[in-house]
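This report describes one chain, from its overall make-up to single residues. The sequence and structure come first, and the description follows.

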Amino acid sequence: PVASTADDISLIAGVGPKILKGLTDMAVTTFAQIAGWTDADVERIETELKLKGRVAREEWIEQAKELMAGKPPRAKTDKARSKE
């Protein structure tokens with residue numbers, strides 16, 4: 001894959017530098033890949049990156065679909081504020 005076709009998957013709330021590197025190491029570099037994940041893909045990625053339940057909890061697949069549709073990224077602070 002050509003690097004220029006990669007999306008900025010760090011725009012997905014919950015994907016920080018460490019997770020971004022893990023996903024990139026697993027060749028996950030586009031919103032389309034994340035939007036197309038099956039339950040098996042999610043399980044494999046969560047197991048590999050030790051992210052139990054985060055993909056669903058943080059709605060990564062939904063966020064990837066929103067970003068692909070041209071919607072602005074969800075503010076990374078929204079979840080932090082909602083917990084206060």
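## Basis and overall make-up

Helices (H or I, at least four residues) and strands (E, at least two) are DSSP runs, numbered from the N terminus. From the N terminus on, the order of elements is α-α-α-α-α-α; the chain has six helices and zero strands. The model is a predicted one, in which local features need pLDDT of at least 70 and side-chain atom pairs count only at pLDDT 80 or more, while totals for chains, interfaces and linings use all residues. Residues are numbered from 1 along each chain as its sequence is written, and side-chain values use heavy atoms, with hydrogens and water left out.

Burial is given by relative accessible area: buried means under 20%, exposed over 50%, and partly exposed in between (1.4 Å probe, protein chains only). By this scale, 29% of the chain's 84 residues count as buried. Accessible areas come from the Shrake-Rupley method with a 1.4 Å probe, and for residues only the protein chains shown count as cover. The chain exposes about 5,600 Å², of which carbon and sulfur atoms supply 57%. A contact means heavy atoms within 4.5 Å. Among contacts between residues at least 6 apart in sequence, 49% join residues at least 24 apart.

## Nonpolar core

In soluble globular proteins, nonpolar side chains tend to be buried together. A nonpolar core is here a set of buried Ala, Val, Leu, Ile, Met, Phe, Trp, Tyr and Cys residues joined through side-chain atoms within 4.5 Å. The largest such core holds 18 residues, and Ile12, Leu23, Ile34, Trp37 and Trp60 are the ones that touch the most other members. Two or more residues of this core are given by each of α1 (17–25), α2 (31–35), α3 and α5 (60–68). Helix α5 gives the largest share, four residues.

Leaving out residues up to four places away in sequence, Leu23 touches Ile9, Val15, Val28, Trp37, Ile45, Leu49 and Trp60.

## Salt bridges

Side chains of opposite charge can pair when their charged atoms come close. With a salt bridge taken as a side-chain nitrogen of Lys or Arg within 4 Å of a carboxyl oxygen of Asp or Glu, the whole structure has five. One of them joins arginine 44 and aspartate 41, with an N to O distance of 3.8 Å. Both residues lie in helix α3 (residues 39–49), and because they are three residues apart there, about one helical turn separates them. Arginine 44 is partly exposed at 45% relative accessibility, and aspartate 41 is partly exposed at 21%.

Arginine 54 and glutamate 58 form another bridge, their closest N and O atoms being 3.3 Å apart. Glutamate 58 counts as buried, because its relative accessible area is 14%, whereas arginine 54 is partly exposed at 24%. Between arginine 74 and glutamate 66 the closest N and O atoms are 2.7 Å apart. Arginine 74 has a relative accessible area of 23% and is partly exposed; glutamate 66, at 23%, is partly exposed as well. These two residues and Glu59 are linked in a network of salt bridges.

## Loops and positive phi

Most residues other than glycine have a negative phi, and most peptide bonds are trans. Alanine 27 has a positive phi, near 65°, without being a glycine. Alanine 27 sits in the loop between α1 and α2 and is partly exposed at 45% relative accessibility. Lysine 50, also not a glycine, has a positive phi of about 55°. The place of lysine 50 is the loop between α3 and α4, and with a relative accessible area of 73% this residue is exposed.

Is threonine 30, at 16% relative accessibility, buried or exposed? Threonine 30 is buried, because 16% falls under the cut-off. This residue lies in the loop between α1 and α2. Apart from residues up to four places away in sequence, threonine 30 touches Thr5, Ala6, Asp7 and Ile9.

## Helix α4

Alanine 56 is part of helix α4 (residues 54–57). At 61% relative accessibility, alanine 56 is exposed. The C-alpha atom of alanine 56 lies 9.9 Å from that of aspartate 39, and the two residues are 17 residues apart along the chain.
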